[in-house]
Amino acid sequence: MIILLLILAFIAVLVIRGLMFTPKPEAPADSAPVSVDGDKAVAHLQAFIQCKTVSYREKSLEDESAFAKLERLLPQFYPNLFKTCTFEKPGPRSLLFCWKGQSSEKPGVLMAHYDVVPVDEAGWDKPPFDGVIENGVLWGRGTLDTKGTFVSILEAAEQLMASGFTPENDLYLAFAGDEEISGDGAPAIVRWFQQKGVTPAFVLDEGGAVVQNVFPGVKAPCAVVGTGEKGPMDVRLVLDGAGGHSSTPPPHSPVGVLAQAVNRIESHPFPFILTPPAAQMFDTLGRRSTLLYRIIFANLWCFRPVLNMICKKGGGELNALVRTTVAFTQMQGSAASNVLPPHAWVGANLRLIGDETVESAKAYLEKVIANDKIKVEVVHGMNPSRISRTDDEPFQRLSAAIRATWTDAVVSPYLMLACSDSRHYGAISDHVYRFSAMALSKEERGMIHGNNERIPLDTLKTTVAFYQRMIKAC
């Protein structure tokens, strides 16, 4: 009887905590309408889409004239920007505008990149660089990633400058033309800030968006803001052998041994880690979920193993939020089907989380593989970014601008799974946020780096309105 009572009391505590796990109060946002010249924004984005600014690691593949054309269009489209701001080029693919405010004490930075990834034109329904407008939608590579935000920042600033507006603090508009290849555009701008002694009080770059049906039990739109991002890492598992004829194979071929290593790694994923961004996301969105999920997220001290199992089995975005992930993407062996490979390798992309480092991740893989004949070679790696603060004014201002633009959205921190130029700004600011100011469906998110990338014209106009509010709040 005592044991039964204890069990019932324990269950009651879990349920009561779930019932009390309700949304925290928020100050109402000022959702007063703003004036947007949507037609001009659409026309300018269309022109920028027609600039084929595809970045490649092999520079000979790039069309330098396309990048030069985009730069020539800027003063034509934004005369007030060039009259009001000082303009710098800290690097060949770096554009930096300084808009002097009433004070230089708390400068802000709005970021975007104007380069795009290559396309397979055969997979597109419309030409990717023609800027076709049809049925209220603008087609083209870069409309979402991120010429759409590039144009929206410029349009918002130009219109506010034309009205005589001066920001409260200095505002920098920082654009890079080589983000997609992890180039030096953004690092060159950061070095410029360091040399000038400028410490941004606020940085906003691409990242999360306004999305739906991404969190269990939550039906409301969620505006997820990246407050940190995982670290990218590429490795190869390499095995050298004697080679030989395939008619007399050893008990385990090099490819077979590597396959065993792959299986061991996938069967022993990295441990569950609850970072501050993920914990804040679970706390914010969990409070708006159904009762069952509220009980789980209100009692993670109890249900953490359950959540770990759910994430591990399900994979996908939820799993990537709580552990370092390993995705095997490449494999190379022999050039002929009847030859045993003397040299074989498997390539994997990792995304490091929390306090994980390139060195610790390599050591974990070696431990799991448990085969000294297989070498784990690091091709490239960066540690996770700093985690930005959410408990003070910069995040509150961003949240207010989001809620004023998307009035039914729930604003939540989250851990960005991909990489962006904003990671470089962690060296000079602890208020670096990642939010692509658009409401994007699952289908639209799938177009980023994919075929048929396009943006509804109304989405672009809303993005311009958001940046107007953001500039006024800086």
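**View 1. Buried residues of helix α8 in the predicted model.** In helix α8, which spans residues 276-286, the buried residues are Pro277, Ala278, Met281, Phe282, Thr284, Leu285 and Gly286. This close-up, like the others, comes from a predicted model.

**View 2. The crossing of helices α9 and α10.** The axes of these two helices, α9 and α10, come within 6 Å and cross at roughly 110 degrees; because angles of 65 to 115 degrees count as roughly perpendicular, α9 and α10 are described in that way. From α9, Ile295, Ile296, Phe297 and Ala298 meet Leu300, Trp301, Phe303 and Leu307 of α10. Sorted by class, this contact of α9 with α10 has 8 nonpolar residues, with no polar and no charged ones.

**View 3. Leucine 110 in the largest nonpolar core.** The largest nonpolar core holds 86 residues, of which Leu110, Phe150, Phe175, Leu204, Phe435, Phe466 and Met470 touch the most other members. When residues up to four places away in sequence are not counted, leucine 110 touches Ile153, Leu171, Tyr172, Leu173, Ala174, Phe175, Phe202, Leu204, Tyr467, Met470 and Ile471.

View 4. Histidine 44 lies in helix α2, residues 38-49, and it counts as buried because its relative accessibility is 8%, where buried means under 20%. Its side chain makes a polar contact of 2.5 Å with the side chain of glutamate 155. Apart from neighbours within four places in sequence, histidine 44 is in contact with Phe77, Tyr78, Val151 and Glu155.

Terms used: Residues are numbered from 1 along each chain as its sequence is written. This is a predicted model: local features need pLDDT of at least 70, side-chain atom pairs count only at pLDDT 80 or more; totals for chains, interfaces and linings use all residues. Side-chain values use heavy atoms; hydrogens and water are left out. A nonpolar core is a set of buried Ala, Val, Leu, Ile, Met, Phe, Trp, Tyr and Cys residues joined through side-chain atoms within 4.5 Å. Buried means under 20% relative accessible area, exposed over 50%, partly exposed in between (1.4 Å probe, protein chains only). Contact means heavy atoms within 4.5 Å. Helices (H or I, at least four residues) and strands (E, at least two) are DSSP runs, numbered from the N terminus. A polar contact is a pair of N or O atoms within 3.5 Å; within protein, one must be able to donate a hydrogen and the other to accept it, and residues adjacent in sequence count only if both atoms are side-chain atoms. Axes are lines fitted to C-alpha atoms, for helices over the stretch in contact, and angles run from 0 to 180 degrees between N-to-C directions. Angles under 35 degrees count as roughly parallel, over 145 as roughly antiparallel, 65 to 115 as roughly perpendicular and the rest as oblique. Ala, Val, Leu, Ile, Met, Phe, Trp, Tyr, Cys and Pro count as nonpolar, Asp, Glu, Lys and Arg as charged, and the others, Gly among them, as polar.
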